[in-house]
Amino acid sequence: AAQAQAAAAAQAAAKEAPPTAAAAAKGPTEQSLSEGLGEQLPWEASPEDFAAGCLQPILKRFLAEGLVSLPAVVYLQPAPPPKGSREEPSLGQISIKPAFASPSTLAQCADFLQGKAAEARARSAVIFVRKALIEYPCVWKEKRKQEWPFDAKADGLFMQCESHNDRVVYFTQLTESKGGVCSVGERPRSSARPSRDTSVTGRRDLGETVQLDPATFALMPRLFAT
């Protein structure tokens, strides 16, 4: 189910993406996240639905602005508001680009995020990182084709969704070219090559979304106690 949700978010982003950067979503604001979640409130959504809701505006921005727009960021799913409170919890957003420079910076960032997640009583956390921004850990290197079905130089977006009870990792291949048609993989990788929807014109391609083994491909240590 989570794999289908990640692919569906990519599809929705492509179908709704505006053609210009000026109209592009700048990230999962409360408004864009609510559009991705439909009638669900952020704290009522499952961790997988919350992650898909955050993913959609990121992919919209990619289609408008290209690979340079892809972030290294963590979104914390808010806890339900206290009973009787009229104040809605805000969406936690933390930039983590420096985390992927070395083992020490990654460990420091993980400690910081663990503290922030506990402080916010977050239900889940979703990590998004462009592959080209990662100097460490290069989890895709020296992997068998069955484990990493992409070229070693392929660029795209890692998504790691963490909660107290679950942990999933996905990679969506994203490409840019000087011309042609923007095409969208219709489903995650399977034994058959996915069909393409070429209804969206442009120079950017939303490729396949593949679920990866978190034991091998997790970028960040666990953020929640199990």
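**Secondary structure, burial and contacts of the chain**

The chain contains five helices and eight strands, where helices (H or I, at least four residues) and strands (E, at least two) are DSSP runs numbered from the N terminus. The model is predicted: local features need pLDDT of at least 70, side-chain atom pairs count only at pLDDT 80 or more, and totals for chains, interfaces and linings use all residues. Residues are numbered from 1 along each chain as its sequence is written, and side-chain values use heavy atoms, with hydrogens and water left out.

In sequence order the elements form the pattern α-α-α-β-β-α-β-β-β-β-β-β-α. The chain has 226 residues, of which 51% are buried; buried means under 20% relative accessible area, exposed over 50%, and partly exposed in between (1.4 Å probe, protein chains only). Among the contacts in the chain with a separation of 6 or more, 69% are between residues 24 or more positions apart, a contact being heavy atoms within 4.5 Å.

Helix α3 (47–65) has 19 residues, which at 1.5 Å a residue should span 27 Å; the end C-alpha atoms of α3 are 27 Å apart, in agreement. The expected span is 1.5 Å times one less than the number of residues in the helix. Because 16 of its 19 residues are buried, α3 is largely enclosed by the rest of the structure. G66 follows α3 and has a positive phi, near 95°. The loop between α2 (30–37) and α3 holds L41, which counts as partly exposed because its relative accessibility is 32%. The C-alpha atoms of L41 and P78 are 9.8 Å apart, while the two residues are 37 residues apart in sequence.

In general, an α-helix has 3.6 residues a turn, so residues three or four places apart point the same way. Just after α4, R121 has a positive phi of about 55°.

Strand β8 (residues 204–212) is mostly covered, with eight of its nine residues buried. It pairs with β5 (residues 167–176) in the antiparallel sense over seven bridges; two strands pair if DSSP finds at least two bridges between them. T175 has D205 in β8 as its bridge partner.

R204 lies in β8 and counts as buried because its relative accessibility is 12%. A polar atom of the R204 side chain is 3.1 Å from the backbone oxygen of L63. The side chains of R204 and E176 are joined by a polar contact of 3.2 Å. A polar contact is a pair of N or O atoms within 3.5 Å; within protein, one must be able to donate a hydrogen and the other to accept it, and residues adjacent in sequence count only if both atoms are side-chain atoms.
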